[in-house]
Amino acid sequence: MFTEPIYLLSFIVFFPALGALTVLAIPKQNTKALRFTTLGVTVASLGSLISLLVAYYDPEMATLQIPFSVGWIPSFNIHYQMGLDGINLFLLVLTGVIGFFGFIASWTITKYLKGYCILYLLLLSGLYGLFLAHDFFLFYVFWEITLLPMYFLIGVWGGPRKEYAAFKFFLFTLAGSVCILLAMLMLYFASDIREIAKLSDFDQPEKTIAENQGTPPLEWKSLNIDPQIEKKIRAQLSVSNEGTQATQISDTPIHTFNLFALAAIGQHTTQFSQPLLWGISLQGWAFLLLFVGFAIKLPVVPLHTWLPDAHVEAPTPISMILAGILLKMGGYGILRVCYPICPEGALFWAWLVCGIGILSMFYGALAALAQTDFKRLVAYSSVSHMGYVVLGLGVWSATAEYNYNTEYWEMGIQGALFQMLAHGISSAGMFFLVGIVYDRVKHRDLDKFGGLFGKMPRFTACSIVIFFAGMGLPGLCGFIGEVLVVLATWRYSITLAVAAAFVVILTAGYILWTIQRVYLGPLYKGPNADALIPLNRRESFLCYSFVVLVIIMGVFPHQTVFRYTEKTIQRQTDELGRWNYRWDQLQKVPLK
Amino acid sequence: MNLFTTILRFLQTTKEIDLPLFYPEVCLVVGLVGILFFQLFRYVKEISPFLLMAGVFFIAGLFSCFGLETQHRTEIFSGLLVVDSFTCFFRFLFSLTGFFLSLLLYLNNPVSSKSAEADIAVLLLGATLGTFLMVSTNHLLMIFLSIEMASIPSYLLVSLRRSQKRTSEGSLKYAVYGAVASGILLYGLSLLFGLFKTAHLPTMANEIIRLFPAMEQAEIMLFSIAGLMVIVGLAFKVSAFPFHFWCPDVFESASSEVNLFLSISSKGAALALFIRLIAPFGIFETSPEILNQIRYFLSVVLAVLGVLTVTFGNLAAYGQTSLKRLMAYSTIAHAGLLLLPLIVLLTALDISSKELAVGAVSSLLIYLGIYLFLNLGMFAFTAAVCDNNESANIHDNLSGLIYRQPTIAISIVLILFGLIGIPPLSGFVAKFAIFAALTSGYLASGNILFLFLLLVGGINTVISLGYYLYLIKIIVWTPSTTRPTVTHTLTPATPQTETIGTYSTQQYHSNFSRGLTALVTLCGSSTLILFLFWDTIYTVCLRAAHSLF
C-alpha cells in the first residue's frame, strides 16, 4: 500500500516538515540533539530520494513517472498532483545534496538554533514540493512557501544589514509572485480541457498516427489528468455525441491548473491565442508575466539587485541554499511553465529572452570584476552564470529556417539544465569556501587578502578546483553547460554566440584575479592572521565532497546527468518544434 | 367579513412562513430582552452577560445554519425582507463574529462594572440585529431602518471607554459623520422613491427598466444623483476612500472588540446591501441592454472608489505609530479590495453570465469569511496589549514579543502574513478568489478596466507588504523596550527579567490570560487550516451566491 506514488512522493515532500515537528519537541538547550536530528533528517531525505530513484525511475521513459493526482479544491479544479521526469529529477537530487551539505555547514550556527533547524527543514520541504508539483496552483503554493522560511533565515541569522536584505529579497520575490499569479489566473480561465480530450486519444485508443495527419496523437495518459475530471469530460462529451440530452448537462468549460494539460492546450489549440492587449495575444502576455516572475528569482539583469544584498547578509549555509537551489527555481519555472504553455509568446519574445541572457552574462561578469567584497563577487558570478541558463533555454532555433530541426535547441536546454546543476554545486561550494575564510579572519575584503596558500594549503587546493569549475575549465562541471549553450547559440545567432564565448574570457578574468588576490602572493598578514588555522574534519569533508562532485560531473556528464534527462527534454523540444511547424502553416511562412 | 379573512390569512402566513425564516432575529431579540431582564434578579445577575450573549449568538448561528445550503429566495413580511442562502450566510457569519466577540469580551473585560457589561451586550445584540436586517433587506424603507438599527448602537459602543480622552473625539466624529451620511442616504432613498413610485426593490428594478428609456434629461440627472447619494451612505459604512475619515479615529479610541464588530459585521453588512441593491437588476430575461448605461456608471463609480480606497489605505498605513490606527487603515485597504468584485458582478449582469456573477459574489463571501479569523486574531491581540496598557504604540506593544510570548508571536506573524495574502495561509485564498473573479470578468467581457484593477490589486499586495513586514520585523527582530509596567490587569503577572539568547528583557506588560492565548492561537492556526480545507467554505459561498440569482 505504501508503495503507491502518492505515499512515496508525499513522503519525500513532507518528511523534512515532519522532522521539523520532531525538532520542535527537543528542548532548546540540547544543541547536540537538535543538530544531529536535523542532520539525520537531511541525510534520510536524501537517502530516501536516491533509493526511490533507483527503485522506480526509468531513464528510457520520456513522460511523467510515478505520477498521481488527488482532488484538493474541486471547485477550482485544483489537484494535489506530482510526478517525476527528467527535468525535475536532478533538481530534486540537488536539493537533497545541498540540503545535506548546507546543514553540515550550519554547524557553526549557535544563535536560536532550534528556530534555525525548524525553518531550515521547512524550507527543504517547500523546495521538494515545488520541484515535484505538477499542478500550477500547487506549484505556486510551494513557490511561496519557500519564501517565508528564507525571509527569516536571512533576516534573523544574517549579517549587519540583514533586515534590509531580507526585506528586499521578500519584496522582489513577492512582486514576481504577483506576476506569476496573474498569468496563472489568466491561463486558468482561458483554458478548456474538453478540447484537448477531443484532440487526444482519450477514450479512443484506435486513433492511429495515420488518422492524425502523420503526427502522433496527444497521449492522454501522459497528461496525468485526474479521474474526477475525466468523468466530467466523459459526461459532457457523451452528451454532445448523442445530442439527445444536451440541455440537461450544462455546457460549461472545464478549466484546469494541470501543467501538462495547459501545455497541451497552449500547443494544440487556440484557446490562449486570443488577442489581449496592444495586439499581443494572451500567450504573449502570460509568457512575459511568467518570465518576469521567474527571472526575478533566477535572477537576471536588471531584476537582480536583491541577490548581492541577500547573499552578502545571509549566513554561509543559507547562501549555499540560495545560490545552490533557490536560484534554480527560476530556471525550472521557465523550462517547465513558460515554454511548454506559451510557445507563441516564447517565439515572440525569443529575442528578449536571449538578449537578457547575454546582458546578464556580461553585466554579472563585469560587476564581479569590480567587487572588493569576496561574497559579493561570488554573488555576481551567479548572476553571470544564470545568464547562460537563460540563453540556453531561449535559443529557439527549431524554426522554418532550419527545417524545424530541434537538435540544437535541445542541446541548449540540456546545457542550461546542466549549467543549473553545475552551478548549484560549484556556487554552493564557493560560498562555503568564502564562509570558511570569513569564519577565521572575520572580513571579506579582497584587497586585504593574499597568501592563504601558505597557511591553508589543502583548503587552497580545493578552492582552486572549485573556482576553476565555476570558470568552466574543461574536465570540471562548469565547462559542459557553458560549451553546450554556446554551441546551441551558434545556430540561433552567430553574433550572440561570439558574445557568449567572450564572456568566458571575462569569467576567467575575475576568477583568476580572485585566486591571485586571495590565495597567492606573500603570506597573509591582514586582520586576524593568527586565526587562519587549517580545515577541521567537518570542513574538509565538505570541501573534498564538493571537489569530488565537481570532477565527476565534469568527466562523466552523460553517465551522471544526460542519460536521465535527455529523453524528457527531447520530447519537450520535439513537441515545441512540431508546434512551430503547425504555427508556421497557420501563418503561411514559406518553407525553406 | 372579507377584511376579517384577509387579516386572518395574513396572520397565518406570518406565522407559518415568515416567522420560521425569521428565527435568528427573533432569537437575538429574545436574548436582548432576556439579558436586560436577568439584571433584575440577584443570582442570575452573577452570570456574566457576555457568556449569555455568546449563548444567544450560538443559537442564532445554529438557526442560520439550517438555511445555509438550501434556502430558496423567499420574500417575507409582505416583501420587506428577503431570505435566501445569501441571507443565511451573512447571518451565520455575523453570529460567528458575535460569538467570538462575546468570548473575547468575556476573556478580556474592557469595563469594570457589571451593569456596563449588560449595556455592552445589549448594544452589540442590537447592532447585530441591525446587520441581520441589512443583509436581508428588500425595501427602501428597510434599508434606512436597518442601517440606523446597526449604526446607533455602534455610536454608543464606540464611546464606551469614556475614561480615555481620545474616546470622546472618536465617538463624536463617528456620530456626526454617521448622522450626515444617514441623512444623505435617506435623501437619496426618498428621491428614488419619488422617481419610481415604489420602495420594493424588485418592483423598482422593473419600473426602471420600463421608465428609463423614456426618461428626460432632468430625471436622469436626478436618478444618478439619488444613486450617488445611496452609494455615499453605504460607502461611509464600508469606509471607502473619501468617506473613511471616521475610521482611524474610531478604531483608535474604541475598544478592540468594537473594532472587530465594525470591521467585519458593519462593513460586511454594507457590502451585502450593495449586492442586494445590484442583484435585482439581474433579471436576465428582460432586455438588460437598457440598464447597461446605469451599470456602466455604477461600475465606474465603484472602480474609482475601490482603487482609491485600497491604495490610500495601504499607503496611509505606512505613517502610523499606533497599532490600532494601522489596523484601521489595513481594514480600509481590505474594504477597497472587497469593492472590486461588485464591479465584476455588474459586468456579469451586463453580459447575462450567471456563472460569472456567482463567482464574483462568492469571492466576496469567502473573503469576508476568512478575513473574520484574521481580524479576530489581530483584535484579540490588540485587546490584550493595547487596551490594557492604554497605549497602542507599535514599538511598546510588539517589540521583542517573540521572546516574551512565543506562541502568541508566531500566531500573530502567521496572521500578518495571512493579511498580506501569501500561501500557505488563508489570506491568500481570499485574495486569490478576488483576483480570479477579476480575471474571469476580464476574459468574459474583454473590458480593459479589469486589467487595470488586477494591476492595482497586484501592486497593492506589494505595497501592503511593507507595513505588515514592518510589524513582523518588530515582533521578531527588535528587543523589548524597557518601560515601567502599567498595573491595570486582571490576572496579575509578576514583572520578571528573563534572559533569552543575547537579549535581556524587562517584561513589558502584556497580560495574556490562558483563554486569550488560546483564542489568538486558534486564529493563528486557522490561517493554515482554512487554507488546506477552503473548498468546503467555498462550496457554501457558491451556494449562497447561487440563491441570489
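## Charges over rings

In this predicted model, the charged end of Arg444(A) sits over the ring of Tyr438(A), 4.8 Å from the ring centre. Arg35(A) does likewise with Trp107(A): its charged end sits over that ring, 5.8 Å from the centre. For a charge to count as sitting over a ring, NZ of Lys or CZ of Arg must be within 6 Å of the ring centre and within 35 degrees of the ring normal.

Residues are numbered from 1 along each chain as its sequence is written, while chains are lettered from A and ligands numbered from 1 in the order in which they are written. As this is a predicted model, local features need pLDDT of at least 70 and side-chain atom pairs count only at pLDDT 80 or more, although totals for chains, interfaces and linings use all residues; side-chain values use heavy atoms, with hydrogens and water left out.

## Aromatic pairs

Over all chains, the search of the whole structure finds 81 aromatic pairs. Rings of Phe, Tyr and Trp (its six-membered ring) pair if their centres lie within 6.5 Å; planes under 30 degrees apart are stacked, over 60 edge-to-face, and the rest tilted. One of the pairs is Phe101(A) with Phe546(A), whose centres are 5.0 Å apart and whose planes are at 75°, so the pair is edge-to-face. This pair links distant parts of the chain, 445 residues apart: Phe101(A) is in helix H3 of chain A and Phe546(A) in helix H22 (residues 537-555) of chain A. Helices here are DSSP runs (H or I, at least four residues), as are strands (E, at least two), numbered from the N terminus. Phe101(A) and Phe546(A) are both buried, a word that means under 20% relative accessible area, with exposed being over 50% and partly exposed in between (1.4 Å probe, protein chains only).

Tyr188(A) and Phe257(A) give a stacked pair, with 4.2 Å centre to centre and 10° between the planes. Here too the pair links distant parts of the chain, 69 residues apart: Tyr188(A) is in helix H7 (residues 162-190) of chain A, and Phe257(A) is in the loop between helix H9 (227-242) and helix H10 (259-268) of chain A. Tyr188(A) has 4% relative accessibility and so counts as buried; Phe257(A), at 0%, also counts as buried. Ring pairs link Tyr188(A) and Phe257(A) into a cluster with residues including Trp72(A), Phe137(A), Phe428(B) and Trp534(B).

## A buried serine

Ser427(A) is found in helix H17 (residues 407-441) of chain A. Its relative accessible area is 0%, so Ser427(A) is buried. The side chain of Ser427(A) reaches the backbone oxygen of His423(A) at 2.7 Å. Leaving aside residues up to four places away in sequence, Ser427(A) touches Ala323(A), Gly324(A) and Ser382(A), where contact means heavy atoms within 4.5 Å.

## Backbone details in the loops

The bond from Leu298(A) to Pro299(A) is cis, with omega near -15°, and Pro299(A) lies in the loop between helix H11 (282-297) and helix H12 (306-313) of chain A. In chain B, a cis peptide bond joins Pro423(B) and Pro424(B), with omega about 5°; Pro424(B) is in the loop between helix H17 (406-420) and helix H18 (426-445) of that chain.

Asn77(A) has phi near 50° and is found in the loop between strand S1 (65-73) and strand S2 (78-84) of chain A. With a relative accessible area of 8%, Asn77(A) is buried. Tyr112(A) has phi near 40° and lies in the loop between helix H3 (86-105) and helix H4 (113-132) of chain A; at 24% relative accessibility, Tyr112(A) counts as partly exposed.

## Pocket and cavity

The second largest pocket has a volume of about 1,100 Å³. It is lined by 39 residues, and Ser75(A), Thr252(A), Pro253(A), His255(A) and Glu355(B) lie nearest its centre. H14(B) gives the largest share of this pocket's lining, seven residues. On a 1 Å grid over the protein atoms alone, a pocket is an open set of points with protein on both sides within 12 Å along at least five of seven lines, whereas a cavity is a set where a 1.4 Å probe fits but cannot get out; lining residues have an atom within 4 Å of a point. Grid points are joined across faces, edges and corners, and a volume is the space filled by probe spheres set on the points.

The search of the whole structure finds 11 cavities of 30 Å³ or more. The largest cavity holds about 270 Å³ of space. Of the 20 residues that line the largest cavity, those closest to its centre are Phe260(A), Ala263(A), Pro340(A), Arg571(A) and Glu575(A). H10(A) supplies the largest share of that lining, six residues.

Key
A polar contact is a pair of N or O atoms within 3.5 Å; within protein, one must be able to donate a hydrogen and the other to accept it, and residues adjacent in sequence count only if both atoms are side-chain atoms.
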